[in-house]
Each structure stands twice: as structure tokens, then as C-alpha cells.
Amino acid sequence: VCDDLWDFIDAHVLCKELGFPTVAELKRSSYFGAGSGPVWMDDIACAGSEANLTLCSFRGWEVHDCSHSEDAGVVCASVRLSGGSAMNEGRVEVYHNGQWGTVCDSQWDFNDSHVICRELGFPSVSAVRIGSYFGQVSGPMWIADVACKGIETNLSHCSFREPGVQMC
């Protein structure tokens, strides 16, 4: 995929297609290294509601004016909010080993919430909820003891106990 016209809406469609809630970072200019083989798509223009990238407008298969130095990239968010009554609230969940799981609220604070909101594209935190405010869950608990400073761009840059360690 060529990075001409590559934007957050296009990247968001791709992340949704891959099972992630949204985009954490948009990358251009072969940030992850130049690909090889055909450049399949160029000048992608998604509306945002498409189920996958191939449903977006683009020049046509293998119709492009790019080289692999212009390969598009994306870092999809591996966090989501679940159980809330609106898209900007809910229980924090992380994607690990192909499965969504929860985050223990031990030591959870405003800074941690601020980083999650930033990662999901929200401007700020209006309230911090702990306990089972958004309902009980039965899935895995992937991380605990999150300690963000509040300046990180995503949860993976904060310190926390790794999966597999006894949680809450």
C-alpha cells in the first residue's frame, strides 16, 4: 500500500479490519522497512465506515506512482473501552495472544486514564472509575499495577506487570 493520501481514516479502517479498535500511530515513508513485490493500492480514500481496506476508493489494483520507499504503515491500538454506554467510556481492555482481556485497577489513576484516552483519540479524561463500575468480566486479566506518568502516547510505554503474573 502506497502512502500517497494515506491518513488516519484509512488506517482506522485497516485496524478495524484486523480486529483492533483504532489507530495508535500513522506511519509513512516505509517506516517499518521497504516491502517487496507489487504495490497493490495507491491514493486510498476511505470514508471510515468500510469493513475492510479493499472497499475504500483507490486508483485500481497495481495502479500507482510509488516505489517501496513510500510504503504505508500503521500501529493499531491494542486497547479498547468495553461495557460503557458511550464510545468514550468503559472498562479498559488490552489485546494479547489473540484475545481481549482486562486490566486490573490496582493503583489505577488519572495518569493511566489520560494515556488510554490519548491512545484512543480522546482529548482528556472526565472521570476515573475503578472496581466493577462497567460490569463484571469473565475473561483473562492481562496486566496489573499500571504506572503511567501521563505523558506516554500509549499504554505499552507505561510500566506494568506482565501477563502471566498473578493479578488482582
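Student: Hi! Which residue in S6 is the bridge partner of threonine 102?
Tutor: Hello! In this predicted model, threonine 102 has methionine 141 as its bridge partner in S6.

Student: And how many bridges join S5 to S6?
Tutor: Two bridges join them. S5 covers residues 99-103 and S6 covers residues 141-147, and the two strands run parallel.

Student: What about S6 and S7, parallel or antiparallel?
Tutor: Antiparallel, again over two bridges. S7 takes in residues 159-161, and its serine 159 stands opposite alanine 147.

Student: Let me zoom out. How many helices and strands does the chain have?
Tutor: You'll find two helices and seven strands. Going along the sequence, the pattern reads α-β-β-β-β-β-α-β-β.

Student: What box do the C-alpha atoms fill?
Tutor: Roughly 50 × 30 × 30 Å, taken along the principal axes.

Student: What share of the residues is buried?
Tutor: Of the 168 residues in the chain, 40% are buried.

Student: And the surface, what does that come to?
Tutor: The accessible surface is about 9,100 Å², and carbon and sulfur atoms account for 52% of that.

Student: New topic: contacts. What percentage of those with a separation of 6 or more comes from residues 24 or more positions apart?
Tutor: That would be 63% of such contacts in the chain.

Student: Last one, charges! How many positive and negative ones are there?
Tutor: The chain carries 10 positive and 22 negative charges.

Terms used
Residues numbered from 1 in each chain as written. Predicted model: local features only at pLDDT ≥ 70, side-chain atom pairs only at ≥ 80, totals over all residues. Heavy atoms only, no water. Pairing = 2+ DSSP bridges. Helix = DSSP H or I, 4+ residues; strand = E, 2+ residues; numbered from the N terminus. Buried < 20%, exposed > 50% of the residue type's maximum accessible area, 1.4 Å probe, protein only. Contact = heavy atoms within 4.5 Å. Areas by Shrake-Rupley, 256 points an atom, 1.4 Å probe, with all protein chains shown as cover. Lys, Arg positive; Asp, Glu negative; His and termini not counted. Charge placed at Lys NZ, Arg CZ, Asp CG, Glu CD.
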